[in-house]
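Me: I am new to this structure and would like a close look at one part of it. Please take the disulfides and go through them one by one.

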Amino acid sequence: MRRNPLALFVAALTTVSSVAWAAGIDPAKSAICANTDTFECVPGENCIADTPEGINLPRFFRIDFAAKKAYGEREDGEKTTAIITNQTIEEGRIVMQGVQSGNGWTATIDQATGKMSLAISADGVGFVIFGACTQM
């Protein structure tokens with residue numbers, strides 16, 4: 001069953017191992033991120049690989065760490081904003097969390113490599129997104 005996760009989150013807040021991204025994510029500056037690999041998971045079934053557009057996430061999004069917001073644009077041109085309610089740095093990773101439309105999300109960005117993982121939990125479905133970020 002396909003749900004609309006980006007009624008809950010932009011961001012696209014999400015590994016690009018085949019693309020070289022600039023290393024060194026400094027949360028004092030904004031970053032641009034790309035969602036690349038997406039998976040939709042429901043209980044009792046295998047996760048389904050998809051595209052960011054297939055689950056209604058922006059392919060690219062910008063994170064303004066200081067403002068605690070992420071901005072993106074969906075394939076249909078709709079602009080989205082996600083509020084980062086919790087943001088911390090631990091063991092070289094920026095960890096962000098939020099709630100949007102009753103659904104929770106957590107994103108982790110490795111400061112050294114820019115690799116990103118994002119999880120979105122909704123009612124009876126979860127989404128796992130991998131991507132990468134670079135400094136703007």
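Reply: A disulfide here is a pair of cysteine sulfur atoms within 2.5 Å. The model is predicted, and it holds two disulfides.

One of them joins Cys 33 and Cys 133, whose sulfur atoms are 2.0 Å apart. Cys 33 belongs to strand 1 (residues 31–41) and Cys 133 to strand 10 (residues 125–135), so this bond ties together parts that are 100 residues apart in sequence. The torsion about the S-S bond of Cys 33 and Cys 133 is about 105°, which means that this disulfide is right-handed. Cys 33 has a relative accessibility of 0% and therefore counts as buried. Cys 133 also counts as buried, because its relative accessibility is 0%.

The other disulfide is formed by Cys 41 and Cys 47, with 2.0 Å between their sulfur atoms. About the S-S bond of Cys 41 and Cys 47 the torsion is about 115°, so this disulfide is right-handed. As for accessibility, buried means under 20% and exposed means over 50%, with partly exposed in between. Cys 41, at 17% relative accessibility, therefore counts as buried. Cys 47, at 42%, counts as partly exposed.

The two bonds can also be described by their order along the chain. With the bonded cysteines of the protein numbered in sequence order, the pairing is 1-4, 2-3.

Conventions
Residues are numbered from 1 along each chain as its sequence is written. This is a predicted model: local features need pLDDT of at least 70, side-chain atom pairs count only at pLDDT 80 or more; totals for chains, interfaces and linings use all residues. Side-chain values use heavy atoms; hydrogens and water are left out. Helices (H or I, at least four residues) and strands (E, at least two) are DSSP runs, numbered from the N terminus. Buried means under 20% relative accessible area, exposed over 50%, partly exposed in between (1.4 Å probe, protein chains only).
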